[in-house]
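Please keep the sequence and the model in view while reading.

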Amino acid sequence: MSAPSTPRPTRPLPNRPAGYTELARYSSLGRLWSMLGGAARAGRQVTLVRGDAPEVCRRRVSGYTLPNAGIFLDETRTARDLEDGFAPHPALLALLGGDPAPLRAELNAHFELRVDFVLAFTARRDLIARPELRFVPLVPGLSALPDGLTLDARRLGRDELHLLVQRACGLA
């Protein structure tokens, strides 16, 4: 938790809201507390979700970045966006030609993946998370990629997301 005055959450969510991925079944409040405490110790910002009371078992964790994350790019969506608004860049031309390697290399060199997520615990004892992944430039303006280019992360599998959450919480 971000401040010593923030109490540990003790009231589970009544059910799993839409958009959340199950990380673990039959988990415990202790596991949620250890993950939130680990995230705070790892330098992440742990905050209440807007509108939640302090005792609700849901917190936003932000501040974890993953370098060299070009492999997480949703190539299909990026290629679809390029067809609508073409931008002449060698890596983008290669992507349209079916080769994502140059764009991944550009992302690895000039971008990092910002991994923010909401971590929660439900009354059914499920540990759940809602990821918010986006590519952000290491140094704005350094990359030659067009500014309006949509760089979305692909949808992650449960195990991939669980590993990223554990890393962000300093547990893996």
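With a relative accessible area of 29%, Arg104 counts as partly exposed, a class that lies between buried (under 20% relative accessible area) and exposed (over 50%), as judged with a 1.4 Å probe and protein chains only. The model is a predicted one, in which local features require pLDDT of at least 70 and side-chain atom pairs count only at pLDDT 80 or more, whereas totals for chains, interfaces and linings use all residues. Numbering starts from 1 along each chain as its sequence is written, and side-chain values rest on heavy atoms, with hydrogens and water left out.

Arg104 is joined to Glu75 by a salt bridge whose closest N and O atoms are 2.5 Å apart; the term requires a side-chain nitrogen of Lys or Arg within 4 Å of a carboxyl oxygen of Asp or Glu. Because Glu75 belongs to helix α2 (residues 75-84) and Arg104 to helix α4 (residues 101-110), this pair ties together parts that are 29 residues apart in sequence. Glu75 is likewise partly exposed, at 22% relative accessibility. Helices (H or I, at least four residues) and strands (E, at least two) are taken as DSSP runs and numbered from the N terminus.

## Other salt bridges

In the whole structure, 12 salt bridges are found. One of them joins the side chains of Glu22 and Arg158, at 3.6 Å from N to O. Glu22 is part of strand β1 (residues 21-24) and Arg158 part of helix α5 (residues 158-168), so the bridge ties together parts that are 136 residues apart in sequence.

## Around Tyr26 and Ser27

Arg125 sits over the face of Tyr26, at 4.4 Å from the ring centre; this label calls for NZ of Lys or CZ of Arg within 6 Å of the ring centre and within 35 degrees of the ring normal. Arg125 is also among the contacts of Ser27, which, neighbours within four places in sequence aside, touches Phe121, Arg125 and Leu127, a contact being heavy atoms within 4.5 Å. Ser27 lies in the loop that runs between β1 and α1 (29-41), and with a relative accessible area of 9% it is buried.

## Overall architecture and confidence

The protein has 5 helices and 5 strands, arranged along the sequence as β-α-β-β-α-α-α-β-β-α. Its C-alpha atoms fill a box of roughly 55 × 30 × 30 Å along the principal axes, and 44% of its 172 residues are buried. Of the contacts between residues at least 6 apart in sequence, 70% join residues at least 24 apart.

The mean pLDDT, the predictor's confidence in each residue on a scale from 0 to 100, is 90 for the protein, and 94% of the residues score at least 70. Over residues 1-5, however, pLDDT stays under 50, and for this stretch the model has 8 contacts beyond four places in sequence.

## Helix α5 and its cover

The buried residues of α5 are Leu161, His162, Leu164, Val165, Gln166 and Ala168. Their cover includes β1, α1, β3, β4 (111-121) and β5. Just after α5, Gly170 adopts a positive phi of about 70°.
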